[in-house]
Amino acid sequence: MKVFLPILLASKMPAGAFLLCVVSVLGCGDSGDGSATSGSKDGAVAPRNEFGVTDPVVLRRALASSPLPAPPADSTNRYADDPEAAELGRMIFFDPRLSGNGEVSCATCHQPDRWFADGLTKSKGIGIADRHSPTLVDAAHHRWFNWDGRSDSMWGHTIRPIENPLEMGGDRTMVARLLLEDPDLNGRYEAIFGAIPLVAADLPRRARPIGDLPSVEAWERLAPLEQDRINRVVANVGKSLAAFQRTLRGGSTRFDRWAESVSIGGDGGSMLDASEIRGLALFFGEAECWECHSGPLFSDGEFHNIGIPVAEGLPRDPGRYDGSLLVKEDLFNAAGRYSDDAEGRQAILSRGVKRDPEAWGAFRTPTLRGVGQTAPYMHDGSMPDLESVLRFYSTLEGAVQLDHHQESVLSALDLDPGQIQDLEAFLRTLSGPGPEIESMEPPHAGGRHRSE
Ligand code: HEC
Ligand code: HEC
């Protein structure tokens with residue numbers, strides 16, 4: 001038998017103060033012996049139950065982290081929610097012809113059966129990428145893209161992997177040529193974006209503004225109008241790819257179902273077990289994970305230096321310090337000529353980004369939705385599993401000392417093995433069913449993108 005104690009919701013409370021009136025949410029399991037007492041942080045003694053979260057602050061934070069709505073509108077991409085564009089984007093996502101060697105597609109490093117990550121420490125395309133591949137599931141919720149936030153939209157990011165010699169080693173002229181020459185892709189593209197005012201035969205084989213000398217020289221020989229038309233195709237391909245990626249949703253998690261039950265007065269008891277609930281209470285309480293992994297995405301969208309140890313012999317990655325410069329200089333940013341809202345909110349934010357020494361070594365707080373599916377962890381993939389991550393937060397062993405510009409944000413949590421287990425158990429409740437991947441991949445897609 002379950003006993004439900006309804007949450008008292010005051011109807012006219014200011015946002016943010018809602019649920020402060022919650023006294024307790026107790027679910028009494030059949031075994032019925034979970035009602036020990038434990039001291040809360042400020043010394044007050046709160047009743048504790050195996051399935052109950054009794055601290056109103058913890059409860060309020062937890063309920064504010066669910067559910068994850070649809071991704072926010074992207075006014076810089078007029079095609080963000082256009083199904084035809086998403087379909088074109090899906091086809092391009094799996095197409096290895098965008099790469100220099102014809103073998104690497106987006107799906108090589110963002111594999112459908114690996115939660116759109118790749119399971120590797122550092123991604124492998126033509127070479128080994130500088131960082132670990134983040135998941136694309138629910139990624140459309142971010143404001144800044146990549147670990148260092150060097151792109152301010154999903155579409156604007158597209159040219160980076162394509163032209164990165166370690167990733168796809170292709171170039172923008174190749175993208176334009178493919179969209180002109182492949183009849184199916186061309187038909188779909190022109191139906192959405194209009195005719196491409198370029199002739200494939202007139203385009204140099206390889207040309208790009210930055211990279212190897214012959215390609216750069218070929219690019220510089222093109223008339224500015226042609227360069228602009230090629231860039232336009234790349235931006236539109238990016239907008240299609242973004243429309244596809246916006247459809248990659250993690251879906252409702254066990255944590256969401258718990259939150260839903262609790263918020264309508266249930267106890268959520270059957271959704272999460274005792275260890276998961278203890279992990280939840282740590283996450284939103286004492287362990288203060290919630291400080292940065294906040295809101296329904298479990299990310300504040302900001303950049304922090306948590307000082308993860310650097311592998312010997314490798315230079316430290318400057319992270320946001322460089323990312324803040326790159327996003328401002330980006331031809332494909334929200335404020336640029338290929339944006340559909342160059343005076344909008346994101347454009348204003350991007351123009352206002354400052355390069356701050358405090359951002360040295362800072363990385364965007366990753367989402368924790370789906371985190372059970374996306375090992376290894378961190379921007380450099382250096383932590384093989386969740387236990388290693390939690391052990392790091394517990395001891396801060398090997399943590400890189402911050403320099404004098406920076407404020408220390410973390411202190412060692414000194415978790416006991418049981419607490420580490422509980423936190424891990426909670427983190428594993430944050431995965432939903434994931435995107436529907438059957439029938440997603442076009443039958444003719446080639447390239448390396450299956451997990452063997
Ligand atoms: C060789 C592996 C590789 C390939 C191929 C690749 N990516 Fe990535 N992707 C990465 C890595 C690594 C990062 C993180 C880069 C960083 O932060 O510096 C990333 C980041 C991203 C992000 C940012 C996600 C976020 O949470 O901010 C998006 C979006 C993305 N890739 C989409 C694509 C698309 C679309 C393609 C194909 C055009 C593609 N990727 C091809 C490895 C790859
Ligand atoms: C000060 C902000 C902050 C706090 C507090 C914080 N995190 Fe993080 N977390 C980050 C950042 C930033 C990263 C990425 C760091 C990097 O790659 O260098 C990260 C990475 C992670 C990852 C790896 C995710 C991935 O996809 O690679 C996990 C798991 C994680 N944190 C869980 C937690 C837990 C659990 C707590 C509480 C014990 C916590 N975090 C507290 C900011 C924070």
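Here is a walk through the chain, stop by stop.

**Before you click**

This is a predicted model, where local features need pLDDT of at least 70 and side-chain atom pairs count only at pLDDT 80 or more, while totals for chains, interfaces and linings use all residues. Residues are numbered from 1 along each chain as its sequence is written, and chains are lettered from A and ligands numbered from 1 in the order in which they are written.

**The whole chain**

Start with a cartoon view: the chain comes to 15 helices and 4 strands. Helices here are DSSP runs of H or I with at least four residues, strands are E runs of at least two, and both are numbered from the N terminus. Of the 452 residues, 45% are buried. Buried means that 20 or more other C-beta atoms lie within 10 Å of the residue's own, exposed means 12 or fewer, and partly exposed is in between, with C-beta atoms placed from the backbone. Among contacts between residues at least 6 apart in sequence, 71% join residues at least 24 apart; a contact needs C-beta atoms, placed from the backbone, within 7 Å.

**Ligand 1**

Select ligand 1 and its shell of 26 residues, where the closest are Cys106, Cys109, Gly125, Asn146 and Pro161. A residue joins a shell if its C-beta atom, placed from the backbone, lies within 6 Å of the molecule. Helix H3 (106-109), helix H4 (154-157) and helix H5 (159-163) are the elements that give two or more residues each, and H3 has the largest share, with 3. Colour by class and you get 14 nonpolar, 9 polar and 3 charged. For that colouring, Ala, Val, Leu, Ile, Met, Phe, Trp, Tyr, Cys and Pro count as nonpolar, Asp, Glu, Lys and Arg as charged, and the others, Gly among them, as polar.

Now pick Trp115, in the loop between H3 and H4. It has a positive phi of about 60° although it is not a glycine. Trp115 is buried, because 26 other C-beta atoms lie within 10 Å.

Is Met378 buried or partly exposed? Partly exposed, because it has 19 other C-beta atoms within 10 Å. In that loop, between strand S4 (363-364) and H14, you also find Pro376. A cis peptide bond joins Ala375 to Pro376, with omega about -5°.

**H1 against H11**

Show helix H1 (residues 56-63) together with H11: their axes come within 9 Å and cross at roughly 95°. The axes are lines fitted to C-alpha atoms over the stretch in contact, and angles run from 0 to 180 degrees between N-to-C directions. H1 and H11 are therefore roughly perpendicular, the label for angles of 65 to 115 degrees. Val58, Arg61 and Ala62 of H1 meet Leu280, Ala281 and Phe284 of H11.

After that, select Pro67 in the loop between H1 and H2. Ser66 and Pro67 are joined by a cis peptide bond with omega about -10°.

Bring up helix H6 (residues 172-181) and helix H9 (residues 224-245), whose axes come within 9 Å and cross at roughly 75°. That makes H6 roughly perpendicular to H9. The contact divides into 7 nonpolar, 2 polar and 1 charged residues.

Next, highlight Arg188, Tyr189 and Phe193, the buried residues of helix H7 (residues 183-193). They sit on the same side of H7, because they cover an arc of only 105° around the axis, taken from the directions from the helix axis to the C-beta atoms. These buried residues pack against helix H2 (83-93), H6 and H9.

Finish at Gly238, in helix H9. Gly238 is buried, with 27 other C-beta atoms within 10 Å. Leaving aside neighbours within four places in sequence, Gly238 is in contact with Trp155, Gly156, Thr158, Ile159 and Phe332.

How values were computed
Angles under 35 degrees count as roughly parallel, over 145 as roughly antiparallel, 65 to 115 as roughly perpendicular and the rest as oblique. Two residues are in contact if their C-beta atoms, placed from the backbone, lie within 7 Å.
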